[in-house]
Amino acid sequence: MPRHKGATTWDIVFGAPFVVFALGLMAYGIYQLLGSTPTSWALALTLIASVIICGPFRMHVGRVPGLPLLGVAITMLAIQPEEGSPGLGVPIWAVGLVISQTIAGRNLPQALYWAGLSSAVAFVFVAVQSGLATLGVPLLLSFLIATAVFYTLFLLGEFTRQRGRWGLDRRFGLSALSPYRVGFVVLVATVAATLVTYVGSSVIPGLDPDARLTPLVLLLTALLFYAVAQRTRFMSMERRLSAIVDAAIDLPRDDTGGGLAAALTSRALSIVEANDVELRGRAPEQNEIGAAVSLTPGVEQYVIASRKRGKAPFAPGDERALVALAHIASEAARIRHNVDTLEQRANTDPLTNLPNYRAFQEALVEANENRPYHEGIAVLFIDLDDFKKINDNRGHHAGDELLRTVADRLQAASGGGDFVSRIGGDEFVVILADLVSLAHAKESAERIVAEVSQPLVIDGHDLRPAVSAGLAFSSHRELDAQTLVVDADRAMLQVKRSRHHGGRGERSSVSIAAHRSTRTNDIVARAIRDNRLGLAFQPIVNIDEGTIWAFEALVRYVDPELGPISPPSLVARAKSLGLMNELTRQVVTKALHAAEEFHRLEPGIRCITVNIELGQISETELGPFIRDAARAHPDLSLCIELNEHSLRSVTADLRREAELMQQAGVTIALDDYGSDDSSVGALVRIPMDILKIDKGLIDDLDDVRQREVIKALQGFGDNLGFTTVVEGIETHSMVDVIVELGVRSAQGYYYGRPLSFARTVDRLRRWGTRAELD
C-alpha cells in the first residue's frame with residue numbers, strides 16, 4: 001500500500017500486493033471493455049454503474065465503531081457480463097469498486113487496497129458459486145455458501161492486516177466482531193443475488209424470450225440498495241441532529257463526572273461513533289476529525305475523534321456534528337465562566353477579597369446541614385474596637401490597610417476547614433468546623449483573636465488592634481443556623497459594653513454564648529436516648545354508629561426545666577440529631593402496648609395510628625421493624641400515617657415497600673390531605689387504606705366549594721374501597737354538615753382532645769366506645 005500519513009509499515013507491507021493487484025485487474029478490465037468486444041456492452045457498463053450506485057450501502061459488523069463496514073457489491077456478480085467465462089466479470093466489477101470506494105473514502109490508496117482485497121476473494125466467490133451450480137446445488141444454497149466464503153475471506157484479510165486486534169479492549173481477539181451482524185449481511189447479499197439471477201434468467205425470458213432486460217435488473221437492485229442506504233443515512237442524520245439538540249440543552253448545565261470536558265467527549269464519542277475522542281492542543285491528523293474548542297479562557301484546544309480500528313472513514317456529517325458540539329461546549333464554558341465570575345463578585349468583599357455577608361449565610365447553612373451528626377461547629381463574631389477613631393485620625397487609607405491586614409491574619413490563623421468572612425465595615429465572622437467540644441472551639445477562637453491582635457505598622461506608626469469577640473458553639477445540627485450568629489453577636493456586644501462601662505479585662509477577649517438551641521438539642525437527645533417520651537391518644541370515630549374505632553398516637557414530652565416541647569419542634573430536632581428512627585421505634589412500641597390495653601377494655605377498638613416519614617418504610621430504615629411489630633400484635637391493626645407532602649418524593653422502590661407493608665397487615669393512611677400545595681397526584685402515588693382530610697378543607701363549610709370537595713373525596717374513597725376520615729371537627733354543627741355530605745368517620749376536639757394513656761383508659765372505663773361525651 002502506498003505510504004500516506006497514518007499508515008504503519010505493516011499496513012504498507014500487507015496492503016501493497018493488493019494495491020498492485022487492483023491496478024492490474026483494473027487495467028485488464030478496461031482492456032476487456034476497450035480492446036475487445038464484450039457480449040453486452042450495456043451489461044458490462046451497467047455492472048460498473050451498479051457497483052458504484054450500491055456502494056453507499058454498507059453495514060456495521062462490529063460491536064464498536066471502527067471495524068470494516070461490509071457492503072453488498074458482491075451481489076452484482078450474480079450475473080456475469082461474459083457468458084461461459086464467469087471469472088471475466090471480476091475485472092469489470094473491480095473498476096466500479098475502485099470508483100465507489102474512492103468516492104466514499106476520498107482516499108485513492110485506501111480504495112485500491114479495498115478493491116484489491118475484495119477482488120481477490122471475489123474470484124473465489126465466483127468459482128465456488130459456479131462450481132456448486134455445476135454440481136446441481138440449488139441456486140439459493142450455492143449463493144449462500146459462496147457469499148459466506150467471500151465475507152469470511154475478506155474479514156480474515158482485514159483481521160490479518162490489523163494483527164488480530166478485534167477484541168473489545170483492542171487486544172488480540174474477536175470479541176468486537178458481531179457474528180449476528182455478519183450473518184445478516186451474508187443473508188441480505190445471498191437473497192439479493194438469488195433474486196437477481198432468478199429474475200434475469202427465468203422470469204424475464206419467460207415473459208418475453210426476446211427481451212434483454214438483465215442490465216435493468218442489476219440497475220434496479222443497485223438502486224434499491226442505494227435507497228435503503230439513503231434512508232439509513234437520513235435516520236443517522238436525524239439521530240445525530242437530535243443528539244446535538246439534546247447536547248445544546250444539557251451541556252450548559254452538565255456538572256457531573258469530570259465536568260464539561262468529560263461531558264463533551266462522552267457525547268462526541270456516541271454522536272460520531274468514534275473509537276476515541278480526546279481533547280488536545282494540536283489539530284487533527286490522518287483518520288481523525290476535529291474542531292477547535294475553548295473550555296478554559298485563553299486556552300485553545302481541539303476535540304479530536306479517531307477511528308483507528310479498520311480506519312473506516314468519517315462521513316462529512318460527522319465532522320459537522322463535531323464542530324457543532326465544540327461550539328456548544330465553548331459557549332457553555334464561556335457562559336459558565338461569566339456566571340462564576342459574576343457570582344464571585346457578588347459574594348466577595350472588594351477591599352479584603354474575603355467572602356461577604358451573602359456568601360457567609362450560604363456557607364453557614366452548608367456547614368450546619370452537611371456536617372456529620374454530633375460534629376460541632378461554632379461562629380466567632382469579631383469586631384474591631386475604635387475603628388472609627390483610626391479612620392478619623394489617620395485617614396481612611398489607614399483603616400483600609402488595617403482591614404486588609406486583619407483579613408490576612410484571620411485566613412492565616414484559621415484552619416483549612418474554617419470559613420472567614422467580612423460581613424460589615426469592621427466586623428468579621430469565622431465559621432469554625434470539625435469541632436469536638438466547646439473547649440476545642442474556645443481554644444481555636446482565642447488563638448485566632450490573639451493572632452489578629454498582634455502589633456503592626458501603618459504609615460510608620462505602631463498599631464495594635466483591639467477586638468471584641470463572641471463565640472457561639474453548636475454540638476448538633478441546628479433547625480435555624482442563624483441563631484448561632486445572633487448568640488455570637490450578643491456575646492460580642494457584652495464584651496464591648498463591658499469595656500465602655502470601664503470593665504477590666506484583656507485588650508482583646510472572647511465571650512462565650514450560652515447557645516439556647518444547643519441546650520434544647522441536648523435535652524431532646526437525652527429524652528429520646530433515655531426513652532422518656534410520652535404519648536397522647538386522640539379518638540377516631542364512626543359518626544353513623546357514634547362509636548370510637550381507632551386512636552391516633554401523638555408524641556409528647558415535657559422537660560422539667562424548659563416545660564413542654566412542641567411536637568413539631570421535637571420531631572424536627574430528632575431529625576437534625578439523627579434520632580428520628582429511634583423516636584419512631586419508641587412511639588410504635590408504646591402505641592401498640594397502649595392499644596393492647598384499649599382492645600382489652602373495648603374489643604371493638606383494634607386500630608392504632610402512628611405518624612412516620614415516608615422514607616422510614618424502606619428496607620434499610622424501619623420497614624422490617626414495622627412489619628415485625630404488626631405481626632407481633634395479630635389482634636390489632638397498626639396504621640402508619642404518611643404525610644401528604646412527603647409523597648412528592650415517592651419512588652418505585654418505596655411503592656413496593658408500601659405494598660409489602662400491606663401484605664404484612666399494616667394499614668396505610670394518607671395524612672393531611674388538602675393542606676397547602678396538595679395535589680390529586682398524591683392520591684395515586686402510593687397504595688393506601690385510609691384518607692385523612694386536613695382541617696384546612698373544612699375551615700368554612702358554608703362555602704359550597706368546600707362542601708363539594710368533601711363530597712367528592714368521600715365518593716372517591718367509597719369507589720376505591722378505602723376509609724375517609726375528616727379531621728378538625730370541633731362543633732356539633734360541623735358534624736351535621738359532614739354527615740349531610742356522606743362522611744362516616746371523623747376526628748377532632750369535638751370527640752376528644754389528645755389525652756395521656758391513663759386518662760384515655762379512664763375514659764374507656766367510664767364511657768366505653770361512646771363518641772360524644774356530655
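## Surface and overall make-up

Accessible areas come from the Shrake-Rupley method with a 1.4 Å probe, and for residues only the protein chains shown count as cover. By this method the protein chain exposes about 36600 Å², of which carbon and sulfur atoms supply 56%.

This is a predicted model, in which local features need pLDDT of at least 70 and side-chain atom pairs count only at pLDDT 80 or more, while totals for chains, interfaces and linings use all residues. Residues are numbered from 1 along each chain as its sequence is written, and side-chain values use heavy atoms, with hydrogens and water left out.

The protein chain has 774 residues, and 49% of them are buried (under 20% relative accessible area, with a 1.4 Å probe and protein chains only).

## Nonpolar cores

A nonpolar core is a set of buried Ala, Val, Leu, Ile, Met, Phe, Trp, Tyr and Cys residues joined through side-chain atoms within 4.5 Å. The largest one has 73 residues, and I608, I617 and I729 touch the most other members. Helix α17, residues 580-601, contributes the most to this core, with 9 residues; helices are DSSP runs of H or I, at least four residues, numbered from the N terminus. A second, separate core of 62 residues includes V51, M59, L155 and A222.

## Residue T194

T194 belongs to helix α6, which covers residues 179-207. T194 counts as buried because its relative accessibility is 13%. Leaving out residues up to four places away in sequence, T194 touches L139, L140 and F143 (contact means heavy atoms within 4.5 Å).

Methods:
Helices (H or I, at least four residues) and strands (E, at least two) are DSSP runs, numbered from the N terminus. Buried means under 20% relative accessible area, exposed over 50%, partly exposed in between (1.4 Å probe, protein chains only).
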